[in-house]
Amino acid sequence: MKNYLATLGLSVILVGCGSAKPKIDDLAINNPIQTSLDLTAVVDDKVPVTINPGRFTSETVTYRLPRVVQGTYSVSDFGKYVEDLKALDYDGNELEVTKVDTNTWGVTDATKLDKITYYVNDTFDVESSGGIGGENPFSPAGTNIEEDNYVLNLHGFIGYFDSLKRNQYELDVISPSAFVRTSALPDQGTTTSEDGKSVRTSYFGQRYFDITDNPMMYGELDVEEFMVGNIKIVLSVYSPNKLHTAASQKETVYKMMQAQKNYLGDINSTARYDIYLYLSDGSETAPKGMGALEHHTSTVVVLPESSSKEGLAESIINVVAHEFFHIVTPLSIHSEDVHYFDYNQPTFSKHLWMYEGTTEYFAQHFQVYEGLVEPADFYNTMMSKIATSKNLDDAMSFTIMSENVLQEPYASNYLNVYMKGALINMCIDILMRKESNGNRSVLSLMKELSAKYGREKPFVDDNLIAEITAMTYPSIGEFLKTHVEGDVPINYNEFFEMVGLTMGESEVPTNYIFAGGQNIIFDADQAKGTIFFSPMALKNSFWRSQGVQVGDVIKKVNGTELTLQNAQQVIGGMFGWQPGQQYSLDIERNGEAMTLSGTLEKATAKSESLVEDENATDAQNTLRAAWLKG
């Protein structure tokens, strides 16, 4: 999972597993649980859901919707979007139902239970921030119910019986026949109604995990299917104002995933990968949390529709690349906490440094390794991560934080899994290459772990660091004990010296919301509800050339009013601006209205950055070459 704007470090803007095998009680006949969603019978933006579990042999049963879903590391409480839940017997009479908590219902006289029915509200409509740790689920884990679009993260609609999580599921989705339908869950066939106005599409899952792991999107979608080697890529795009198409981003996705496939080599085993891209227009009922949530063979992505074509492409590379690399970890390499996930009271693995950190490192490293970016760009990215990580708790044990990620003070440091987590892997990568004369890396280590474990064989959480040490070198074990299990901050200069890099000041490329690194050029007045240029704006070459002044209040961006409520979407769109585009800002300076407009030019900022040391030894240069180019 990647929270897109959180990883940008926007300081003025709000920025996602049971450890023992579940015991399966013999409470019901082990046949498929029949479920259905009827998108043609929506009432007040609520989808009717029917659950038919088969006959129970117990007098009482418990039905739940997930409190937490995999990959989010936050409480979602999908049960609070359920209304009018009824349990019906075989004669259509209501059975007694007790609401146990937000996500749980108890049914008495369960031997008479025929089916459960209820309505589900969507989460997009009621989002405030859409960020991790907010009142609502992280947007890419959420749901949408609109006349022309349905984001069907199925964990938001379909629940489970405590005793039947391993039962098979049959799912029927009834939808208008004109809808485009894309699903990572295999299609078992469709039937059309007699009047031709609706279709019933049938799906099948081996267990409840397959329901939560296979999102769908229905509606007025733009879809492109293409092959990257032996992987079928399905790109589904919903752009409410038709500003972007799947075809316009097809080349970006193709080049990115071809490079990723080359980078992974034989570790990649998926035959199909779905990308569901929802573009938020920033309206009141649009999703607010930009980013993505991974699944085994798909990802749900939410990004700003206001992005330029080039800006959207850059966002796709940064966000979707991260999600695709999750096929390595935790999808192929994971602990018992992940494998036997408890959706109600999960326990969490100690190894977010690997699940999110390794994944984020791969998402950045593959770009320089495969020639998509220059080494200087990669250096700047890692320096930005160092700067952001030091604004968080740099002396916090990563394993303790991971294991307690829902609690404070650990929850508020979750962002560090993308920052310091990636840097931990950078250091391990350099160490591995140094110890092996360039022959081994963090990627080769993940391949070895993948071969040892894989999707169906979890590792024991407490044993992983000892296993990695035995598989690699004492220096790797010492690093993990000191800087991952321990709380000692990393001296990154030691690792940069190994590869012949040193610190120096240079004019580095930036975008239109930063002044080098993660130094955002805006500030906010919460009391007045305004956003204005900070002193950092004068360090950004473009805004300095436009004559901005510290304290200029930004009223509109390209005609869109800027408020604290929509800042994430509007400023997120500015992140994607590219040279050559036209722009306009309505500002207020000392009470006077003004307009800045023109053509965007390349933005730079002076910054302390990594540079290649002119006095580096041959050994340092050789190690750097192995690190960056293999």
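A salt bridge is a side-chain nitrogen of Lys or Arg within 4 Å of a carboxyl oxygen of Asp or Glu. The structure above is a predicted model, and by this rule the count comes to 18 salt bridges.

- The side chains of Glu251 and Lys255 form a salt bridge, with N and O 3.0 Å apart.
- Both Glu251 and Lys255 belong to helix H3, which spans residues 246–264. They are four residues apart, about one turn of the helix.
- Glu251 has a relative accessible area of 51% and is exposed, because exposed means over 50%.
- Lys255, at 48%, is partly exposed.

- Asp162 sits in the loop between strand S11 (160–161) and strand S12 (169–176), while Arg64 is in strand S4 (residues 60–64), so the pair ties together parts that are 98 residues apart in sequence.
- Asp162 is partly exposed, with a relative accessible area of 32%.
- Arg64 has 14% relative accessibility and counts as buried, because the limit for buried is under 20%.

- In the salt bridge of Asp394 with Lys420, the closest N and O atoms are 3.2 Å apart.

**Packing of helices H7 and H16**

- Helix H7 (residues 375–390) packs against helix H16 (residues 618–629) at an angle of about 85°, and their axes are 12 Å apart.
- Angles of 65 to 115 degrees count as roughly perpendicular, and H7 and H16 are therefore roughly perpendicular to each other.
- On the H7 side, the contact is made by Pro375, Phe378 and Tyr379. On the H16 side, Arg624, Trp627 and Leu628 take part.
- The residues of this contact comprise five nonpolar, no polar and one charged.

**Ser58 in a loop**

- Ser58 is found in the loop between strand S3 (46–52) and S4.
- With 15% relative accessibility, Ser58 counts as buried.
- The side chain of Ser58 reaches the backbone oxygen of Thr60 at 3.0 Å.

**Arg440 and its contacts**

- Arg440 is placed in the loop between H9 and helix H10 (442–452), and at 18% relative accessibility Arg440 counts as buried.
- Leaving aside residues up to four places away in sequence, Arg440 touches Met432, Arg433, Glu448, Met471, Thr472 and Tyr473.
- With one of these residues, Glu448, Arg440 makes a polar contact from side chain to side chain at 3.1 Å.
- A polar atom of the Arg440 side chain also lies 2.9 Å from the backbone oxygen of Met471.
- Arg440 and Trp627 are 187 residues apart along the chain, and their C-alpha atoms are separated by 9.9 Å. Trp627 is one of the H16 residues that meet H7.

Notes: Residues are numbered from 1 along each chain as its sequence is written. This is a predicted model: local features need pLDDT of at least 70, side-chain atom pairs count only at pLDDT 80 or more; totals for chains, interfaces and linings use all residues. Side-chain values use heavy atoms; hydrogens and water are left out. Axes are lines fitted to C-alpha atoms, for helices over the stretch in contact, and angles run from 0 to 180 degrees between N-to-C directions. Helices (H or I, at least four residues) and strands (E, at least two) are DSSP runs, numbered from the N terminus. Angles under 35 degrees count as roughly parallel, over 145 as roughly antiparallel, 65 to 115 as roughly perpendicular and the rest as oblique. Contact means heavy atoms within 4.5 Å. Ala, Val, Leu, Ile, Met, Phe, Trp, Tyr, Cys and Pro count as nonpolar, Asp, Glu, Lys and Arg as charged, and the others, Gly among them, as polar. Buried means under 20% relative accessible area, exposed over 50%, partly exposed in between (1.4 Å probe, protein chains only). A polar contact is a pair of N or O atoms within 3.5 Å; within protein, one must be able to donate a hydrogen and the other to accept it, and residues adjacent in sequence count only if both atoms are side-chain atoms.
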